[in-house]
Amino acid sequence: MNEKIREYEADGVTVHYSVRRCIHAEECVHGLPEVFDASRRPWIDPAQAAPDAVAEVVWRCPTGALHAVRKDGGAGEPIPPVNTIRVAPDGPLYVHGDVEIAAGDGTVLLRDTRVALCRCGASKNKPFCDNSHRAAAFEDAGRLRDVKVKPAADGAGGALRVTLSANGPLLLEGPLTLRAAGGETAEGGRTALCRCGQSANKPFCDGSHARTGFEDA
């Protein structure tokens, strides 16, 4: 996918930063301010902490804007045992797990462990969140009402595939746990989540994309 990646190197670790996927969640700034300092240029200096500490904080980034490549033989980022989708109030879907994002024709566009997916319909970097929900005044408490999660298909593996349907919802297939802002959870293996921002049953798709003319190829 079209990402502008910047690299910041130190002896034991290199930090990769995707400018377009950053929505300033600030887990890095609060977790290791000596390494991640927005008032400094360059703002990332991985030499200011041990590689283990840098990697651990990088793994907290909920959008996948940050990744760490170990050069000292240290452990890489673990794949979470459970694929989790957290519904943020008035914000994106935070996905954490063994994640594949695919085009409608099945082409895998991205494999990652952390992504933030737009659900307001206004992002200029679809399918990723770019904080457009703020300017769009998107409102949704992030609760689960009429739950639409089906059991996993026979033979479904451990990965969670997110397919971007043309002008339609996010189609999720694979073992998943959906976590609402209020603490409710829903488990299963297949669901369709709204990405036009208009569903009356958020975070699930209810077909509103067709009525409102949502467009994203």
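Predicted model: local features only at pLDDT ≥ 70, side-chain atom pairs only at ≥ 80, totals over all residues.
Residues are numbered from 1 along each chain as its sequence is written, and side-chain values use heavy atoms, without hydrogens and water. Local features require pLDDT of at least 70 and side-chain atom pairs pLDDT 80 or more, whereas totals for chains, interfaces and linings use all residues.

Lining residues have an atom within 4 Å of a point. The largest pocket holds about 290 Å³. Of its 19 lining residues, Tyr 17, Cys 22, His 24, Cys 28 and Trp 43 are the closest to its centre. Helix H1 (27-31) and strand E1 (5-9) each give two or more residues to this lining, and H1 gives the most, with 3.

The whole structure contains 2 cavities of 30 Å³ or more. The largest, of about 40 Å³, is lined by residues including Cys 118, Cys 120, Cys 129 and His 133. The second largest cavity, of about 30 Å³, is lined by Cys 118, Lys 126, Pro 127, Leu 170 and Arg 195.

In helix H2 (residues 51-58), Val 54, Ala 55, Val 57 and Val 58 are buried (under 20% relative accessible area, 1.4 Å probe, protein chains only). Viewed down the axis of H2, these buried residues fall within an arc of 165°, so they line one face of the helix. They pack against strand E2 (13-18), H1, strand E3 (66-70) and strand E6 (108-117), with contact taken as heavy atoms within 4.5 Å.

Definitions and conventions. 1 Å grid on protein atoms, 1.4 Å probe; cavity = no way out; pocket = protein on both sides within 12 Å on 5 of 7 lines; lining within 4 Å. Points joined across faces, edges and corners; volume = space filled by probe spheres on them. Helix = DSSP H or I, 4+ residues; strand = E, 2+ residues; numbered from the N terminus. Buried < 20%, exposed > 50% of the residue type's maximum accessible area, 1.4 Å probe, protein only. Arc of directions from axis to C-beta.
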